[in-house]
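Here is a short report on one protein structure. Look at the sequence and the model first, then read on.

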Amino acid sequence: MALSRPREGRMIAGVCAGLARRFGLSVGLVRLLFVVSVILPGSQVLVYALLWLLMPNEDSYSYRPV
């Protein structure tokens, strides 16, 4: 499955939901890990914003099986 932001199940931009779906993880777990990681020093919010810009929306992503 390609990396995209789903229309359903979003909280802010759908980045955590898209990552969870792509890697087969629980959406709640990915969101919890992100919130916990914000406590640590780093650029997590910047990475989230970049993913928001770079990840396509699910409906605008055209899947063509090979």
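## Arginine 5

Arginine 5 sits in the segment before α1. Helices here are DSSP runs (H or I, at least four residues), as strands are (E, at least two), numbered from the N terminus. The model is predicted: local features need pLDDT of at least 70, side-chain atom pairs count only at pLDDT 80 or more, and totals for chains, interfaces and linings use all residues. Residues are numbered from 1 along each chain as its sequence is written, and side-chain values use heavy atoms, with hydrogens and water left out.

Arginine 5 is buried, because its relative accessible area is 8%. Buried means under 20%, exposed over 50%, and partly exposed in between (1.4 Å probe, protein chains only). A polar atom of the arginine 5 side chain lies 2.9 Å from the backbone oxygen of alanine 13. The side chains of arginine 5 and asparagine 57 make a polar contact of 3.0 Å. Such a contact is a pair of N or O atoms within 3.5 Å; within protein, one must be able to donate a hydrogen and the other to accept it, and residues adjacent in sequence count only if both atoms are side-chain atoms. Leaving out residues up to four places away in sequence, arginine 5 also touches others, including Trp52, Met55 and Glu58. Contact means heavy atoms within 4.5 Å.

## Arginine 7

Arginine 7 is also in the segment before α1. Arginine 7 is partly exposed, with a relative accessible area of 44%. Beyond four places in sequence, it touches Asn57, Glu58 and Asp59. Arginine 7 and aspartate 59 are 52 residues apart in sequence, yet 7.5 Å apart in space, C-alpha to C-alpha.

## Nonpolar core

The largest nonpolar core holds 7 residues: Ala13, Val15, Cys16, Ala20, Val30, Tyr48 and Met55. Helix α1 (residues 15-23) gives the most, with 3 residues. A core is a set of buried Ala, Val, Leu, Ile, Met, Phe, Trp, Tyr and Cys residues joined through side-chain atoms within 4.5 Å.

Setting aside neighbours within four places in sequence, cysteine 16 is in contact with Val30, Arg31, Phe34 and Tyr48.

## Largest pocket

Which residues line the largest pocket? Among them are Met11, Ile12, Cys16, Arg31, Phe34 and Tyr48. α2 (27-39) and α1 each supply at least two lining residues. α2 gives the most, with 4 residues.

Key:
1 Å grid on protein atoms, 1.4 Å probe; cavity = no way out; pocket = protein on both sides within 12 Å on 5 of 7 lines; lining within 4 Å.
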